[in-house]
Amino acid sequence: MDALIARASSGEGLAPAPRRGADHIAPDCAGQNFYAIDRGLRDLLKLHLTPDDFSRLEPHFDRLGALAGGRLDELARIADRHPPVLQPRDRFGRDEDWIDYHASYREMEQIAFGDFQFHAMSHRGGALGMDRPLPAVAKYALQYLFVQAEFGLMCPISVTDTSIHLIRKFADAELKEYLLPKMLSADIATQWKGTQFMTERAGGSDVGAIETVARQQDGAWRLYGDKWFCSHADADVALLLARPEGAPAGTKGLALFALPRRLKDGSRNAYRIVRLKDKLGTRSMASGEIALEGALAYLVGRPDQGFKQMMEQVNLSRLSHGVRAAAMMRRCVNEAMTCARTRQAFGKTIIDYPLLRRQLLKIALPAEQSLSMFLFAAHAMDRANAGNKDAESLLRVLTPLLKFRACRDNIPVATGAMEVRGGNGYIEEWVQPRLVRDAHIGVLWEGTSNINALDIVIRAVGKSRAHQALETALVKLLDAATLAPAVFRDRLRQALGRALRFAEQVAAEPAREDNARKAASALYHVASAVLMTWEAAQPGTDARRALYSRLILEHRLGAQDPLAPDENEWEREATEILLSERSVSIAEIAGLLV
Ligand SMILES: Cc1cc2nc3c(=O)[nH]c(=O)nc-3n(C[C@H](O)[C@H](O)[C@H](O)COP(=O)(O)OP(=O)(O)OC[C@H]3O[C@@H](n4cnc5c(N)ncnc54)[C@H](O)[C@@H]3O)c2cc1C
């Protein structure tokens with residue numbers, strides 16, 4: 001272990017990237033540049049960023065792509081094997097708790113918070129040489145590249161970013177002045193990182209059941225209670241929900257507070273990290289339980305608006321979770337393809353077997369869908385931030401759609417990629433076991449699948465009518481995709497109409513609530529199919545994306561007979577093209593879209 005620590009902290013000693021397997025063992029992606037090999041990402045960034053932003057930021061995408069396939073990947077592997085350790089007391093017996101992290105984690109923090117400044121890039125200029133905040137499209141693309149190597153640390157990165165958003169938007173001037181300069185700093189030695197504690201034993205989904213109490217004592221707020229799931233447990237400032245004494249029950253009575261780890265005189269605030277969770281995944285990052293023992297906290301915004309304000313942070317996190325799922329699925333695709341193109345069985349390379357090719361497509365399709373969906377959502381966020389109300393509405397429905405479906409898809413995709421590598425995929429020195437373990441958290445935090453599906457159908461569709469903005473946006477894209485065959489666009493138009501009507505039906509009748517996941521999946525699939533057709537029809541874009549649209553229409557939105565063999569000649573041809581390393585124009589594949 002000491003040797004590993006030395007290696008991680010010295011910045012030297014990385015094994016040369018094994019580009020070829022040895023003695024029959026297929027290689028992995030070590031040494032690849034995850035930006036350079038991702039044609040889809042490169043194409044779509046050109047569609048969603050201005051040419052000026054794209055040319056300024058591309059060197060950073062490229063640099064992070066190389067890091068993700070290199071140094072970051074190596075650090076992530078080591079950090080996963082050496083999880084954080086809680087030290088509850090100092091040697092004098094004082095409750096000065098702290099968490100020890102492995103040097104590999106600290107080096108990743110330096111890359112994320114010091115070099116790339118993920119936490120601040122949406123809030124001020126100065127990150128990556130930009131004289132203004134980065135567009136959301138660029139931020140999420142960078143998260144996507146980073147998470148292909150390291151998932152655990154993206155929680156502290158993202159939650160610091162979203163905490164800054166809440167403080168900037170809702171805190172009073174004095175609190176902003178106290179917190180923001182520290183939180184926006186790029187000096188990781190003095191910087192304050194953020195987090196968010198909501199969940200208690202009484203409820204995670206049922207936030208209104210929160211029991212933590214806020215009391216006013218000597219002109220300050222003091223918090224009493226327990227938080228049961230606290231990721232980034234030792235953050236410098238936590239945003240949390242508590243009920244001021246006398247406030248009504250349920251979410252209406254919850255206020256939002258900022259809880260500093262240390263007080264202004266440098267002493268420890270009155271709360272303790274009681275223990276760390278022994279988790280299935282995200283093992284590099286510390287999640288713990290917190291006991292609040294009269295801790296000093298600052299009210300953020302109005303006391304009766306706490307839940308509503310916190311939901312802004314939750315929604316931002318949900319979008320980032322969708323991006324993280326997309327990233328892990330991309331890593332699965334890269335790993336599966338790298339292995340399948342090399343591994344030999346029965347005298348052939350395994351990618352040549354039709355049944356394996358089908359499995360590869362099942363891994364690639366959800367990954368490509370999530371890429372299109374997260375960049376579409378990020379682009380809507382950029383337009384919403386510029387004051388566009390339709391884009392705000394669009395983002396309202398896209399966020400839980402992405403979180404719900406991409407996080408669910410990540411699980412079978414990770415398992416599928418493990419299976420492509422065979423037995424080695426089950427062994428911890430390869431990345432697949434970590435991808436399988438990390439995939440599962442996506443369906444839990446920031447709302448389970450059910451909670452997100454209900455949010456989509458009951459609130460985004462039923463109450464906010466946000467699906468209308470989705471319809472308008474997708475119809476516009478279909479109209480613009482004139483290079484795609486008209487018959488195919490008509491099929492997509494019909495599927496879109498049916499999916500929207502289905503969601504409305506479920507939203508209108510509470511007795512149909514058990515259809516919420518089905519309706520949400522239909523919306524996600526049809527939206528991604530339309531998007532991919534539009535993307536494929538743009539000049540200079542690899543038109544293979546339209547073949548994915550057809551696969552979605554046939555397999556995700558069309559009826560299947562489980563008792564009949566698939567006799568799809570078009571699909572065999574499409575598979576051939578999709579698994580090749582050659583891009584195509586839409587004219588070349590038009591015959592496969594009708
Ligand atoms: C590793 C990890 C880290 C976490 N970090 C944080 C953190 O930093 N901050 C934080 O606040 N929380 C955190 N969480 C908590 C997480 O957000 C919750 O666990 C999650 O929201 C689910 O809440 P719960 O555990 O109370 O489950 P429950 O709410 O009890 O849910 C149990 C089941 O009931 C279902 N269910 C509940 N209500 C309904 C309904 N109305 N209709 C249909 N089904 C329903 C759920 O879908 C779920 O399947 C973390 C969790 C984990 C595992």
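Predicted model: local features only at pLDDT ≥ 70, side-chain atom pairs only at ≥ 80, totals over all residues.
**View 1. Confidence along the protein chain.** The mean pLDDT of the chain is 95, and 96% of its residues reach 70 or more. Over residues 1–18, pLDDT is below 50, and this stretch makes 31 contacts in the model beyond near neighbours in sequence.

**View 2. Shell around the ligand.** The ligand is surrounded by 20 residues; Met198, Thr199, Ser205, Ser231 and Thr448 are the closest. By type, the shell divides into 9 nonpolar, 9 polar and 2 charged residues. At least two shell residues come from each of β3 (194–197), β5 and α13 (449–463).

View 3. A polar side-chain atom of threonine 199 lies 2.7 Å from a nitrogen atom of the ligand. For glutamine 196, a backbone N or O atom is 3.0 Å from a ligand nitrogen. A polar backbone atom of phenylalanine 229 is 3.2 Å from a nitrogen atom of the ligand. The ligand taken alone exposes 970 Å², of which the protein buries 64%.

**View 4. Aspartate 218 in the loop between β4 (213–217) and β5 (220–231)**. Most residues other than glycine have a negative phi. Aspartate 218, which is not a glycine, has a positive phi near 50°. With a relative accessibility of 85%, aspartate 218 counts as exposed.

**View 5. Histidine 232 in the loop between β5 and β6 (237–244)**. Phi of histidine 232 is also positive, at about 55°, although the residue is not a glycine. Histidine 232 counts as buried because its relative accessible area is 5%, under the 20% cut-off.

Conventions
Residues numbered from 1 in each chain as written. Heavy atoms only, no water. pLDDT = per-residue confidence, 0-100. Contact = heavy atoms within 4.5 Å. Helix = DSSP H or I, 4+ residues; strand = E, 2+ residues; numbered from the N terminus. Buried < 20%, exposed > 50% of the residue type's maximum accessible area, 1.4 Å probe, protein only. Near = heavy atom within 4 Å. Polar contact = N/O pair within 3.5 Å; in protein donor to acceptor, adjacent residues only side chain to side chain. Areas by Shrake-Rupley, 256 points an atom, 1.4 Å probe, with all protein chains shown as cover. Nonpolar A, V, L, I, M, F, W, Y, C, P; charged D, E, K, R; others polar.
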